[in-house]
Amino acid sequence: MAMDKDVLSSDVLGSASLSLSDYAFESDKPLDMYLPLQGSKARGHLQLRLTYKRAIPDKYLVTFADNPMGVLSTLLVKGEKLMDRDLLGKSDPFMELSVGNTKVKSSVKNGTLNPVWNDRFWFRTQSSGQTLNLQCWDSDVLHNEDMGGVSVEIDQMRSWQSNDIIMPLEGKYGKGDVFMKVTYQYSDFTECAQGLIQVKVISAANLRDTDTFTTADPYIYLKLKQQ
């Protein structure tokens, strides 16, 4: 909506709307468009630039042809009060995460038992009964040392009310907790198209002047409506 800013109240210069589902967006590729203003006595148009940014990287997009159950998004936040496996100094912990045959590795945090990783990973899930496995290691030159691990069923995660989880490390050398954020995207659609729309208002032209003695002071008000 285009508005004329005044001291007492703002005047409406016109409005325009568009349906995002009518456009074929490609990730990170800008789309320029011109929208004529509508409404009583409205005139002129707006020039916008829309850029779509996927919330999930392209290689993890879900399609029916893949026949997956969905995509598990994990944010490995931190660990607290982990086991110290070094005789001198403190451990250098990192985490291995795996679902099925997919295994990823977090960054290494040197000399701490309270590592803050903030590393994000995505896993495609293909069947029920899969688990998310976490194994904590102390990074050493000769060989990595066990600092405990934990596993959780993905089916169980889907029923949780919160995506913030705390998991105690288990095993002989398991000590302390791992903090994570997890979200699960079902394959309910032909494509996981969740993401962000970046809108840049480039210009406006031929707007109606609602001021009697001076030129209007236009600004644009944008609102996203859910279908």
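1. Terms for exposure. Buried means under 20% relative accessible area, exposed means over 50%, and partly exposed is in between, with a 1.4 Å probe and protein chains only. By that scale, Leu20 is partly exposed because its relative accessibility is 31%. Leu20 sits in the loop between β2 (11-14) and β3 (31-36). Helices (H or I, at least four residues) and strands (E, at least two) are DSSP runs, numbered from the N terminus.

2. Basis of the note. This is a predicted model, in which local features need pLDDT of at least 70, side-chain atom pairs count only at pLDDT 80 or more, and totals for chains, interfaces and linings use all residues. Residues are numbered from 1 along each chain as its sequence is written, and side-chain values use heavy atoms, with hydrogens and water left out.

3. Four strands form an open sheet in the order β7-β6-β9-β10, with antiparallel pairing. β7 (102-105) and β10 are the edge strands; each has a single partner, so one side of each has no neighbour in the sheet. From one strand to the next, the twist averages 15 degrees. Axes here are lines fitted to C-alpha atoms, for helices over the stretch in contact, and angles run from 0 to 180 degrees between N-to-C directions. Two strands pair if DSSP finds at least two bridges between them.

4. Strands β9 (residues 131-138) and β10 (residues 145-153) pair in the antiparallel sense over 7 bridges. Asp138 stands opposite Glu145 in β10.

5. Core. A nonpolar core is a set of buried Ala, Val, Leu, Ile, Met, Phe, Trp, Tyr and Cys residues joined through side-chain atoms within 4.5 Å. The largest one has 25 residues, and Leu97, Leu132, Leu134 and Met180 touch the most other members. Elements giving two or more residues include β5 (70-80), β6 (93-99), α1 (154-158) and β11 (164-168). β12 gives the largest share, 4 residues.

6. Salt bridges. The whole structure holds 4 salt bridges. The criterion is a side-chain nitrogen of Lys or Arg within 4 Å of a carboxyl oxygen of Asp or Glu. In one of them, Asp32 pairs with Arg49, with the closest N and O atoms 2.6 Å apart. That pair links β3 to β4 (residues 45-54), 17 residues apart. Asp32 is partly exposed at 38%, and Arg49 is partly exposed at 30%.

7. A buried pair. Arg85 forms a salt bridge with Glu145, with the closest N and O atoms 3.7 Å apart. Arg85 lies in the loop between β5 and β6 and Glu145 in β10, so the bridge ties together parts 60 residues apart in sequence. Both residues are buried.

8. The β11-β12 pair. Asp164 bridges to Lys181, with the closest N and O atoms 2.4 Å apart. Asp164 is in β11 and Lys181 in β12, 17 residues apart. Relative accessibility is 42% for Asp164 and 36% for Lys181.
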